[in-house]
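User: I am new to this structure. Please take a close look at the aromatic rings, then walk me out from there to the rest.

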Amino acid sequence: MSPLKDYVKKRRFDKTPEPRGKIAPRSQRRFVIQKHRASALHYDFRLEADRVLKSWAVPKGPSLDPADKRLAMEVEDHPVEYGGFEGIIPEGEYGGCTVMLWDTGTYTPDTDDVGKALRAGELRFTLEGKKLRGGWVLVRTGGRKWLLIKRTDAAASKTADITTEKPRSVKTRRLLAGIARDEGGDVAKAATGDP
Ligand code: MN
């Protein structure tokens with residue numbers, strides 16, 4: 001079974017500008033976080049592994065405070081091409097509303113076999129993004145529920161709130177409302193996700 005079967009099944013590619021995508025010939029070690037103002041605001045955390053983007057929806061977004069364990073719901077694998085997507089998913093389509101490229105970069109796993117670590121329910125890694133840096137861990141607590149936790153290091157902070165301090169797109173510097181305005185989306189709804 002294709003790991004992208006669920007991704008394709010949920011979407012109508014004649015209605016949404018999201019890429020149909022395909023399984024990549026090999027995996028690099030990129031990560032992307034997309035801020036997504038759908039029915040509820042969340043941050044989609046995606047790591048390239050096993051030739052797709054392994055994906056989690058993080059309702060509150062990442063925290064730089066190691067004491068702040070953020071719920072991360074595992075969602076369907078996405079194609080690697082999805083990591084370049086910023087724009088509007090039409091209302092009425094799956095995930096409808098505004099998507100922002102909130103952070104991008106590379107990650108270095110503590111292990112060589114990322115797929116195996118994920119299947120075992122714990123992956124430790126270091127991010128080198130434009131916003132997020134340093135050590136992190138994803139740990140499964142049951143079913144599709146994981147926690148995304150900052151590890152203690154120089155990039156950790158007890159006081160900084162990265163989601164409100166750095167709310168803009170790393171690709172276009174736009175806020176959610178700006179993306180919606182430029183691309184014919186629901187500006188008022190998008191704006192409720194901006195600080
Ligand atoms: Mn999403």
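Analyst: **The aromatic rings and what surrounds them**

Ring pairs join F31, F45, W56, Y107, F125 and W146 into a cluster. A pair here means rings of Phe, Tyr or Trp (its six-membered ring) with centres within 6.5 Å; planes under 30 degrees apart are stacked, over 60 edge-to-face, and the rest tilted.

A word on the basis. The model is predicted, so local features need pLDDT of at least 70 and side-chain atom pairs pLDDT 80 or more, while totals for chains, interfaces and linings use all residues. Residues count from 1 along each chain as its sequence is written, and side-chain values use heavy atoms, with hydrogens and water left out.

Back to the rings. A pair of aromatic rings is described by the distance of the centres and the angle of the planes. The structure has nine aromatic pairs. One of them is Y7 with Y82, edge-to-face, at 5.8 Å centre to centre and 85 degrees between the planes. This pair links distant parts of the chain: Y7 sits in helix α1, and Y82 in the loop between β4 (70–78) and β5 (87–89), 75 residues away. Helices (H or I, at least four residues) and strands (E, at least two) are DSSP runs, numbered from the N terminus. Y7 is buried at 0% relative accessible area, and Y82 is buried at 2%. Buried means under 20% relative accessible area, exposed over 50%, and partly exposed in between (1.4 Å probe, protein chains only).

Next come Y43 and W102. Their ring centres are 5.5 Å apart and their planes stand at 80 degrees, so the pair is edge-to-face. Y43 belongs to strand β2 (residues 41–49) and W102 to strand β6 (residues 97–109), so the pair ties together parts 59 residues apart in sequence. Both Y43 and W102 are buried.

Now the metal. The manganese ion has three protein donors, H36 (ND1), H42 (NE2) and D44 (OD), at 2.1 to 2.3 Å. Donors are N, O and S atoms within 2.8 Å of the metal (3.2 Å for Na, K and Ca); water is not among the atoms, so sites may look incomplete. Along the chain the donors are spaced H-x5-H-x1-D. H36 and D44 are both buried.

A pocket is an open set of points on a 1 Å grid over the protein atoms alone, where a 1.4 Å probe fits, with protein on both sides within 12 Å along at least five of seven lines; lining residues have an atom within 4 Å of a point. Points are joined across faces, edges and corners, and the volume is the space filled by probe spheres set on them. β2 and β4 each give at least two residues to this lining. By class, the lining of the second largest pocket has eight nonpolar, five polar and five charged residues. Ala, Val, Leu, Ile, Met, Phe, Trp, Tyr, Cys and Pro count as nonpolar, Asp, Glu, Lys and Arg as charged, and the others, Gly among them, as polar.

The largest pocket has about 310 Å³ of space. Of its 19 lining residues, K54, E74, V75, D77 and R144 lie nearest the centre. Two or more lining residues come from each of α1, β3 (52–58), β4 and α2 (114–120). β4 gives the largest share, four residues. The lining of the largest pocket divides into six nonpolar, three polar and ten charged residues.

Last, the charged pairs. There are 19 salt bridges, each a side-chain nitrogen of Lys or Arg within 4 Å of a carboxyl oxygen of Asp or Glu. K9 bridges to D6, with the closest N and O atoms 3.7 Å apart. Both are in helix α1 (residues 5–9), three residues apart, which is about one helical turn. K9 is exposed at 60% relative accessibility, and D6 is partly exposed at 35%. R11 bridges to E18 at 3.1 Å. Here R11 is buried at 9%, and E18 is buried at 4%. D153 meets K150 at 2.8 Å, N to O. D153 is partly exposed at 31%, whereas K150 is buried at 2%.
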